[in-house]
Amino acid sequence: MAKLRIGVLYDYWWDEDEQQVEGERPKKKSPDEDVQEVYEALKKAGHNPVYVRLDGTRESLIELARAQTDLLFNLTESFGGAGSSGLYLAQDKNLAKKIFTFHGIHTPYFSTVYRGRTEHSHDIQFPVIVKPAREDGSIGIQFGAVCTSIKELMERIDYIHAEFDSPALIEEYIEGRELYVGVVGNEKPQALEVVEMDLSRLPKGTPRIAGSEVKWEEDTQAYKTTKAIFPEDLEEATVTKLQETAVQAFTALQLRDYGRIDFRLATDGTIHVLEVNPNPYLLSSSEFAMAAKKSGRSYNALIAEIVDSAMGRYATAG
């Protein structure tokens, strides 16, 4: 493929300790490590990458319009809350689960409530897990999200409404294993190797969930005692079913180029789709990159393949 000028599009907002000044933009800082790694991988693939930053201001949109790139490698999720169709469908967990049901994809029973109004409800049973309906990356999901009583449930719903001003998704808690399957491609999406987030060493009495403590809070015991592994004890039929369901969910939510599907494998063997991540973390040490490497793709080759998929869509549309 010819050398391309590729904009590595990322977002940056005000830090929590920064004073937001009307009419000014957040101060420029170095991009996060995953953004830098994608940039370097594109250089090694022979392309000419440039950083393009969105910071929620009109000026950043003007800079984007003037970037004169052949392709944008999108590492952002929205601008002012608005994203692409795949991002929108996946981030709205309530809508995504309804689409899963329509396509015959198994997902835990759920209910959605917002400030006293119930939008949808199955006849769900305790224990349940309560999440913001429109967030990702385990935002708003801590160990306390698992509720075993009406009191705990009401307190958690109140927390979601107050903290995120978002509907609360109440989902049956599935006891089991946390599994991830990455998908790459468009016309014939291909599922990558199954990765497990090993939660077996979490402190006794802690719900076996990959909450924010596991994913982001580096000083916690939960973060230090969990890791991503390749499970060796899954039956071949289970692996095949996980990969087939991953491609089905990827297609149902109109994802493009790459994505990751998160599963819960129940103790009775039932496979539940928890959610779909349209732009999973692309750090070279991430679960997605791990799975790609296991399937024979180096990190640089993975990034190049995503670019090729995107350019293939452009060529087809043209």
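**View 1. Lys-294 places its charge over the ring of Phe-230.** In this predicted model, the charged end of Lys-294 lies 5.0 Å from the centre of the Phe-230 ring.

**View 2. Arg-260 and Tyr-180 make a charge-over-ring contact.** The charged end of Arg-260 sits over the Tyr-180 ring. Its distance from the ring centre is 4.3 Å.

**View 3. Phe-73 and Tyr-258 form a tilted aromatic pair.** Searching the whole structure gives six aromatic pairs. Phe-73 belongs to strand β3 (residues 71–74), and Tyr-258 to strand β12 (residues 258–266). The two residues are 185 residues apart, so the pair links distant parts of the chain. Phe-73 has a relative accessibility of 4%, so Phe-73 counts as buried. Tyr-258 is buried too, because its relative accessible area is 6%, and the cut-off for buried is under 20%.

**View 4. Tyr-159 and Phe-164 pair edge-to-face.** The ring centres of Tyr-159 and Phe-164 are 6.1 Å apart. Their planes stand at 90°, so the pair counts as edge-to-face; the cut-off for that class is over 60 degrees. Tyr-159 is partly exposed, with a relative accessible area of 26%. Phe-164 is also partly exposed, at 21% relative accessibility.

**View 5. Three tyrosines form one aromatic cluster.** The members are Tyr-10, Tyr-39 and Tyr-51.

Notes:
Residues numbered from 1 in each chain as written. Predicted model: local features only at pLDDT ≥ 70, side-chain atom pairs only at ≥ 80, totals over all residues. Heavy atoms only, no water. Phe/Tyr/Trp six-rings, centres within 6.5 Å; stacked < 30°, edge-to-face > 60°. Helix = DSSP H or I, 4+ residues; strand = E, 2+ residues; numbered from the N terminus. Buried < 20%, exposed > 50% of the residue type's maximum accessible area, 1.4 Å probe, protein only. Lys NZ or Arg CZ within 6 Å of the ring centre and 35° of its normal.
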